[in-house]
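Let's walk through some helix pairs and then the ligand site. Keep the 3D view open as you read.

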Amino acid sequence: MTKETLSNLLKENRRFDPPPELAAHANVTADAYAEASADRLAFWERAAERLQWDEPWTQVLDWSNPPFAKWFVGGKLNVAVNCVDRHVEAGRGDKVAFHWEGEPGDQRTITYADLKDEVCRAANALTELGVNKGDRVAIYMPMIPETVVAMLACARLGAPHMVVFGGFSSDALSTRIQDCDAHFVITSDGGYRRGNASALKPAVDEALKSCPDVRNVLVVRRTGQDVDWTEGRDVWWHDVVDQQSAEHTAEAHDAEHPLYVMYTSGTTAKPKGILHTTGGYLTGVSWTHYEVFDIKPETDIFWTAADIGWVTGHSYIVYGPLANGATSVMYEGTPDTPDRGRWWEIVNKYKVTILYCAPTVIRMFMKWGEDIPAKYDLSSLRLLGSVGEPINPEAYVWYREFIGGGRCPVVDTWWQTETGSIMISPLPGVTAGKPGAAMKALPGVVADVVDDQGQSVPDGGGGFLVLREPWPSMLRTIWGDDERYIKTYWSKFDGLYFAGDGAKKDSDGDLWLLGRVDDVMLVSGHNISTTEVESALVSNPKVAEAAVVGASDPTTGQAIVAFVILRGDGAEGGDELVSELRQHVAKALGPIARPRQVMVVPELPKTRSGKIMRRLLQDVAEHRSLGDVTTLTDSTVMDLISEKLPTAKSED
Ligand code: 6R9
């Protein structure tokens, strides 16, 4: 996609300087870039020293057998002790770790002292059930405090957890349990979603029909709904955890001991079990949480509004914030229950200061209109973050303006399940933000954009995003498949980590992410990024959200087909609007990028992290039957889209 990208056609010249008060007291200043480039390993060593180690490391990085990295070699620590016990021991036991808000409106306040007791009880219970160091434990839960407790109990024991998003099907659960050979499952009867109790246990029962090696299922009672019970296998959390002692002596684990496995689905292939280990991962997430979110644990109320079943939840609901002793909000439900002001009610209620969420939700709020957040006092907010997809400039500006009141910097954070922690982002006290740009690799991270020969492109050029040097929170391998690890990430360019994303450098050398390279379209010999066409579409005030795919076309090879959701409820598309939108894109990006078709649809198919599943839309655009839909958050969406198709408008 290097030669003919249209990258430079979509001009974005707005700049937002860091607020002076934030800059004056920022956790990390511009010096960090120079320090890290002077001695990258010493920089990471200082980040690791923020943690509590039982034994110091003897070597920062062993990269003698690339791409298999070992960080903080010989060091030993316990992740749960770092996230919980050490704060209690330092006299901060009364500090709130989580303000938890259930969807029906129930609340729990969990202090660090409470969390320590619960984690110790759960660790004792797991030990009693026979969970040993090294055993994998599957966790299939709603967004409730016990999910965090379960993860930390596993971490405490050195039993790698494998969290599966509660919205995934029993098929997705069973293939993941089989792949990592987990013998224990932690789940709940159900959780609340859109005002109803939705069941989880039946999916576990179904999945386990093909997982005969699972010995126990530990079930948290959340909704109180009836559950089928397999005697001898199923146990209630309250029966086995509540009665345990709140004392538990934690073992220090090797820095490279496995902490967790998390599956990423990819597009069509078998999911990859991404393996993260103890010392490097905790260093990466705690340092970036401190650096990118400028966290002041004494005063900030931090809210990552994401699911724990997504890596964003692992790193920035659980491990990063807890390692830093921060207070977080955790919310069980959806943004529209009981009404579309729920998030803003929560921000106001807990006086949230930092909000971190995905562009897809921001675009949904845009569609609902700014009148809704305007009804709430959001003045506690001081910093906003975005993650999961490229944020369109329009969404960025809307977020900054209508949620951040024009005063909060927006940090667009690029990273992946594989990278473990944020890699590319503005520093809120240093970087002048550009709407739509993730800006620069963080200090200590060496990112670049290369052409198909692996050569660095000049400023103004586009190509493939790579990371040039190993980093502490990097994946260590794909569970059980070292070959696939090498092939997927380290073979496209010799010695470089290939992220699978397209990117461009603007004339200042700042980085703009363009989406997955598989999503790049080839139209009459021109490489066009789906992201840029989507951004052009949502820059039209009538469009709330857009997804673009390349559908095979007899004359142009591929032709651009756009699916759009309009702003405002019940807005209907007509011929006129469709030609206006096609024209709008042509004007913004050039005639080559004019969509062949624009279809107005009510919803788009999304994954747990709000990423649009373009592959399914491509099936629709090419009139094929749908591929694998098991990782869709809402499988009825495709029916809604198909129903709309007869009214879809096509021109040319
Ligand atoms: C954290 C997370 C990773 C993929 C990644 C990229 C996309 C994430 C982004 C972004 C542009 C950002 N992505 N953050 N693209 N700008 N700020 O999302 O992990 O679910 O593994 O997805 O998400 O395409 O390669 P994961």
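## Helices α6 and α11

The crossing of α6 and α11 is right-handed, meaning that the near helix is turned clockwise from the far one by less than a right angle. Helices here are DSSP runs (H or I, at least four residues), numbered from the N terminus. This is a predicted model, where local features need pLDDT of at least 70 and side-chain atom pairs count only at pLDDT 80 or more, while totals for chains, interfaces and linings use all residues. Residues are numbered from 1 along each chain as its sequence is written, and side-chain values use heavy atoms, with hydrogens and water left out.

Helix α6 covers residues 145–157 and helix α11 residues 311–323; they pack at about 60 degrees with axes 12 Å apart. Axes are lines fitted to C-alpha atoms over the stretch in contact, and angles run from 0 to 180 degrees between N-to-C directions. The pair is therefore oblique, the label left over once angles under 35 degrees (roughly parallel), over 145 (roughly antiparallel) and 65 to 115 (roughly perpendicular) are taken out.

Who touches whom? On the α6 side, Val148, Met151, Leu152 and Ala155 meet His314, Val318, Tyr319 and Leu322 of α11, with contact meaning heavy atoms within 4.5 Å. Seven of these residues are nonpolar, one is polar and none is charged. In this scheme Ala, Val, Leu, Ile, Met, Phe, Trp, Tyr, Cys and Pro are nonpolar, Asp, Glu, Lys and Arg are charged, and the others, Gly among them, are polar.

## Helices α7 and α8

Next up are α7 (residues 170–180) and α8 (residues 201–208), whose axes come within 8 Å and cross at roughly 50 degrees. That makes this pair oblique, and the crossing is right-handed.

From α7, Ser170, Leu173, Ser174 and Ile177 meet Ala203, Val204, Glu206, Ala207 and Leu208 in α8. The class count is six nonpolar, two polar and one charged.

## Helices α2 and α3

Helix α2 (residues 31–38) packs with α3 (residues 40–48) at about 120 degrees, their axes 5 Å apart. So α2 is oblique to α3. Ala32, Glu35, Ala36 and Ala38 in α2 meet Arg40, Phe43 and Arg46 in α3, giving four nonpolar, no polar and three charged residues.

## The ligand site

Now for the ligand: 17 residues surround it, and the closest are Asp412, Thr413, Thr417, Asp501 and Arg516. A residue counts as near if one of its heavy atoms lies within 4 Å.

For polar contacts (N or O pairs within 3.5 Å), check Thr417, with a polar side-chain atom 2.5 Å from a ligand oxygen. A polar side-chain atom of Lys611 lies 2.9 Å from an oxygen atom of the ligand, while a backbone N or O atom of Gly388 is 3.1 Å from a ligand nitrogen.

Technical notes. Helices (H or I, at least four residues) and strands (E, at least two) are DSSP runs, numbered from the N terminus. A polar contact is a pair of N or O atoms within 3.5 Å; within protein, one must be able to donate a hydrogen and the other to accept it, and residues adjacent in sequence count only if both atoms are side-chain atoms.
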